[in-house]
Amino acid sequence: MDLKVENGCIKEDNGLGWGKSLPVQSVQEIVTNGYQSVPERYIQEIKDRPSSISSESLQASLQIPIIDFSLLAKGDEHETRKLDLACKEWGFFQIRNHGVQVKILQKMKAAMAAFFELPLMEKKKYAMGANDLEGYGQAYVVSEEQKLDWCDLVALKTLPLEQRNLNFWPLNLPGFKEAVEEYSIEVQKVAEEINANLSILMGMERDGLKRYQGELKQLMRMNYYPPCSSPDLVFGVSPHSDGGSLTVLLQDDDVIGLQIKHKGEWIPVKPIPNALVVNISDAIEIMSNGVYKSIEHRAITNEKKARISAAAFAHVDDELEIGPLDSMVDDPHRPPMYKKIKYIDYIRQVLARKMDGKDHTDLVKIQT
């Protein structure tokens, strides 16, 4: 892929990645410059607005499962059963005792904060290419008319090392590269251990998914959600499910933003200091033949405080054909529920659409 710099911004000359996103104004810039009211393109339709949420009593009573990762890694049967249930009924869980040192988590958060504190023109040096989704900007912007999310982001290919494009990395920002590298390696170990446990739960050897998928790759999306004067009108991130295998999320400890859809209700994921949030993504739902759920989720904004987060998307090789695993198919009791599809074709159709719930997984379901 050839890149050139124009007007201080990185532009891609050729090559096709996972897709592209149309450039739009930085939300952080809108807030910094002062605004009288939320711009129209960010105001969601009345039926979609996050003000329509679950009752406070329901929110208080429901919490996603919490798993002790140190016990899971030792093969503890109770924690393994909790993982199985969490993936079947929730699609989300928080993990404690995951082995990633607190100082590594803190350095990652500090690196993200430092990047988004850079002047706008400095950040624009790392803008997304014309035909790519890596870099600084916004994702899933596919038309000039669609509603936009109240969020800026920077997305980086982090693993394997040879796939990194350092043109998108702010190498002059002290400590950024080292913090992201260290965190990405540690969080990948977490994803691989969870993958190994899922292999066993899906009726295979511990390395079953690894042999099928190959080494998981990683894309890191760092999000900045500026405060919003009318948080009931906008989304930080619109409702969607993730297209990869697993996502490991580093949340802001102080501001609640993530919500997941559980039994038709939107449930907030309350931050646990130094914990990580894990969710099953579309590829695992497809491989498990629908036993494990890739759940719709969204992010809301806060009126007073900005919020940051880092989502590490673990995904398979672009050329891998994904479909229900043999161990998860039992004709006639549980026939294949999903078509086989090359991962690159699936992820391109996901990223070519505005985020809209689970619409993209419906495209690969076998109609009965």
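Me: How many residues does helix 5 have, and what does it reach from its first C-alpha to its last?
Reply: In this predicted model, helix 5 (residues 102–116) has 15 residues and reaches 22 Å between its first and last C-alpha, which is close to the 21 Å expected at 1.5 Å a residue.

Me: Which residues of helix 5 are buried?
Reply: Those are Ile104, Leu105, Met108, Lys109, Ala111, Met112, Phe115 and Phe116, and because they cover an arc of only 155° around the axis, they sit on the same side of helix 5.

Me: Switching to strands, why is strand 14 largely enclosed by the rest of the structure?
Reply: Nine of the nine residues of strand 14 (residues 307–315) are buried, so the rest of the structure largely encloses that strand. Both of its faces are covered, with Arg307, Ser309, Ala311, Phe313 and His315 buried on one side and Ile308, Ala310, Ala312 and Ala314 buried on the other.

Me: Which strands pair with strand 14?
Reply: Strand 7 (residues 217–225) pairs with strand 14 in the antiparallel sense over nine bridges, with methionine 222 bridged to alanine 310. Strand 9 (residues 246–250) also runs antiparallel to strand 14, joined by five bridges, and there leucine 246 has alanine 314 as its bridge partner.

Me: And in the largest nonpolar core, which residues touch the most other members?
Reply: Leu198 and Met222 do, out of 84 residues in that core, to which helix 7 (residues 176–201) gives the largest share, nine residues.

Me: What is leucine 198 in contact with, leaving aside neighbours within four places in sequence?
Reply: Leucine 198 is in contact with Leu83, Cys87, Leu209, Leu246, Ile280, Ile284 and Tyr292.

Methods:
Residues numbered from 1 in each chain as written. Predicted model: local features only at pLDDT ≥ 70, side-chain atom pairs only at ≥ 80, totals over all residues. Heavy atoms only, no water. Buried < 20%, exposed > 50% of the residue type's maximum accessible area, 1.4 Å probe, protein only. Helix = DSSP H or I, 4+ residues; strand = E, 2+ residues; numbered from the N terminus. Pairing = 2+ DSSP bridges. Expected span 1.5 Å × (residues − 1). Arc of directions from axis to C-beta. Core = buried A, V, L, I, M, F, W, Y, C linked by side-chain atoms within 4.5 Å. Contact = heavy atoms within 4.5 Å.
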